[in-house]
2 protein chains.
Amino acid sequence: MRALTADDIEALAVGAWILGTGGGGSPYHALLALRRLYAQGRHVDLIGVDEVADDDAVAVVSVMGAPLVILERLVDSRQIARAVSAMEEHLGRKFKAVMAIEIGGGNGMQPLLAASQLGIPVVDADAMGRAYPEAQMTSFAVGNLAPSPLTSIDPRGSEVIVSKTPTWKWMERTSRKVCTEFGSIAATCKAPRSGAEVRRWGIAGTTTKAIQLGRAVREAQRRHDDPIEAILQTESGRRLFSGKVIEVERRTTEGFLRGRTVFDGLGVDRGAKVELNFQNEWTVLWRDGRPVVSTPELICVLDSESGEAIGTETIRYGQRVTVIVLPAAAVFLTPRGLEHVGPRAFGYDIDFQPVFGS
Amino acid sequence: MRALTADDIEALAVGAWILGTGGGGSPYHALLALRRLYAQGRHVDLIGVDEVADDDAVAVVSVMGAPLVILERLVDSRQIARAVSAMEEHLGRKFKAVMAIEIGGGNGMQPLLAASQLGIPVVDADAMGRAYPEAQMTSFAVGNLAPSPLTSIDPRGSEVIVSKTPTWKWMERTSRKVCTEFGSIAATCKAPRSGAEVRRWGIAGTTTKAIQLGRAVREAQRRHDDPIEAILQTESGRRLFSGKVIEVERRTTEGFLRGRTVFDGLGVDRGAKVELNFQNEWTVLWRDGRPVVSTPELICVLDSESGEAIGTETIRYGQRVTVIVLPAAAVFLTPRGLEHVGPRAFGYDIDFQPVFGS
C-alpha cells in the first residue's frame, strides 16, 4: 500500500487522459475535486492486486455516459460514492477496496473520489487498460464473469439497480437506457468483483502506469523536451501522423458521443487525409480511405505542442495534433477478446490488423 | 375472506375488460392461465381492505407496457410472481397480500396469478378504478405516497429495481425506459403499500365490482337481454354513440400504444362522426370536432351485440360498436386528481368537462 501524493494525482490526470484514447471523459473536473480533497488534508491509498484477499469484495466504478455531457454536468465525489453505498446496501456487505472499470480519462480518477469518501483504498488495476464505450468491452466480460448487479445513480435522487441480466450485452442495453434517461450520464457501480477475480481477470498496475505516463509528459514539458517522444518511449508506442483538424462531426445519441473527425497532414504528412471515427473513444483510423489502426489498439490524439490528450468531446477545428498508437492489453488480442472489442464489435466490417507485431 | 370461484374468474375477465376503458391489456391470456390453475385445483382468496392490518405489506402488481405487445408476448404467472419475490428480496420482508395497480383489463387479473403462485390472498381494491397508462396516474400518486421502489422483470432473465426516485414522473420515465428496452412489456411490482395506505388511498371493492359487472353482462347474454343496458344499469353509465369503425391508426411507441380511431354513426347517430384518441386507454372522444368526454371518466367501447369490451389493440375496421361512459372514482375529480389524470395530463389543451353532474 502506498499513499498517493498530490503530484501523483496531477500526473494521473495527464496519463489517464492519454490512455483514454479520446474517451473516459475529461479528467479535469475529477482533478479539481481531488485537488480540493487533498488541500483539505485527505488522501487516497493505492494497493496492488496482491494486497486484496481472495474473497474481499471490490467495488468497480465509473461515470457512464456521453463524454460531452460528462463535461457539462459535474459528477461529484458523493455521487460516485453513493453508487458504491447503494451496491453495499443491495449486497448486504461492505467493500474492501474500489477500482476503475477503465483507467482512461476521468474514469481513471473516479475510484479515487469514491475511495476518499468511503475511507477504503484503490486497487491498482482496471478492466480495459484504456477506455471503451460499452459494458461488455471489459476483461471481466472476456473472462465470462457475472455481468450483474449494477447500480446507477442520478443526482436528482433516482437510483436503479440492474439486479439480474442474462448476458453482458443485456447489461449494456438495460443500463444504457437508464443512463440515457438520466440525461446520458450516471454514476455507476458495476458488478462487484472478488479479490480472486481481480487478480485473474483485472489488468494489473494500470493506475501506476497512468501516473508514470503522466509524469513523463510533465517532466518533458518542464525540460522543454518533446513530450510525445516521452510518451512513445514510456509506452513503446508509434507515431502515426501529424496534421490539423479540418472537420468534426459529433452527435450525442443513445447515451454515447458518436462522430468523426478529419485531419489534413502537415510536415512529412502533407497531402495525406486522415479520418478518425469515434464512439466515445477513437475506434478506427482511415488514411486515404483505408483502415490503418483500430480498436483494441490505443489510438491517441495528442496536442502536437504539449503532448496532452484531446478527447472526442473537446477536439475542434484548427487544432494541431499528432496521432500515435499504443499496444493493447493482451487479453483483448485473443479471438475471444477481439469478439468483444475488435472493429466488428463497433459495427465495422473489417478485421483487426495489428500495428504491433503479433 | 372469500374464495373466488371459477365462475368469478370468468366474470372478472369480462368486467375488468370493460373497466379497462380500452387498456390494461386483454385479459384473455390471464383468463386462460387462471382456468388452468383452477382446473388443477388451485384457487385464490379475496380479502377486503379491512382485513389487512395497518402495517401489513401489500404487493402492487401489473404488466407494464404496450397492449399490442402484451397480446403477443405472454406473461405467465411465474413471471408476475417473480416481480413480487424480487421485491421481497429487495425489502427483506414478506408480503401479506397482493393487489392490482389497475382493475382494468388483464391487469385486473394479474394479482390473482401472482397470488396463486405465492399462496397469499388478493386485496379487493386497486389504485385507478379503471386503467391508466402512466405510473403517476394512480390514487397513490394523488395521495403523494412514496413512488419507489419498483421491480421490473423480463422473461429472458433481466431484473431491474428502481430503488429510489424523486417523483412519480421520474418513476414513470425511468421504469418506462426499462420496460421499452425489455420489448415494451415487463412484469412489475410497484411501490409496496402498507395496509393503512391501501385503506386510506386505495379504491376499495373494485375486484368485486368488476366481477359483478361481468356477471351482469354474462347473465344478459344468457337471457338474450341487451348486455349494454345491463352495464349501464349496473354502473350508472350513459350511452354516447353507436356506429361503425371506419379508421384505426395505431403505433407502438415509447412503451405505449398510441393512436386514434374514427367511427361513422349508425341508427339514431347516423351522420355523426366520432373520433377517439388513445394512449393505451381511450383518452378523449371528439364528436364533429368538439371534445365530448375525456379521462378521468371511463370511455368504454363495446361490441354492440355482445356488450363485451374492445381494446385499443384489438379494435379494427368494420366493427359495430357502442360507446358508453362510466363515472370516475371520486379521488380523480379533485383539482389534484385532475392534475394527474385530466385531459391536460395526456397533452390535450382542454379542460375536463364532466358528463356526470359535479
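Axes are lines fitted to C-alpha atoms, for helices over the stretch in contact, and angles run from 0 to 180 degrees between N-to-C directions. The model is predicted, with local features requiring pLDDT of at least 70 and side-chain atom pairs pLDDT 80 or more, whereas totals for chains, interfaces and linings use all residues. Residues are numbered from 1 along each chain as its sequence is written, and chains are lettered from A and ligands numbered from 1 in the order in which they are written.

Helices (H or I, at least four residues) and strands (E, at least two) are DSSP runs, numbered from the N terminus. In chain B, the axes of helix α1 (residues 6-19) and helix α9 (residues 206-222) come within 6 Å and cross at roughly 100°. α1(B) is therefore roughly perpendicular to α9(B) (65 to 115 degrees; under 35 is roughly parallel, over 145 roughly antiparallel and the rest oblique).

The contact between the chains (C-beta atoms, placed from the backbone, within 7 Å) takes 18 residues from chain A and 18 residues from chain B. On the side of chain A, β8 (159-164) and α7 (168-181) are the elements that give two or more residues. β8(A) pairs with strand β8 (residues 159-164) of chain B in the antiparallel sense over five bridges, pairing requiring at least two DSSP bridges. A:Glu159 has B:Lys164 in β8(B) as its bridge partner.

Notes: Two residues are in contact if their C-beta atoms, placed from the backbone, lie within 7 Å.
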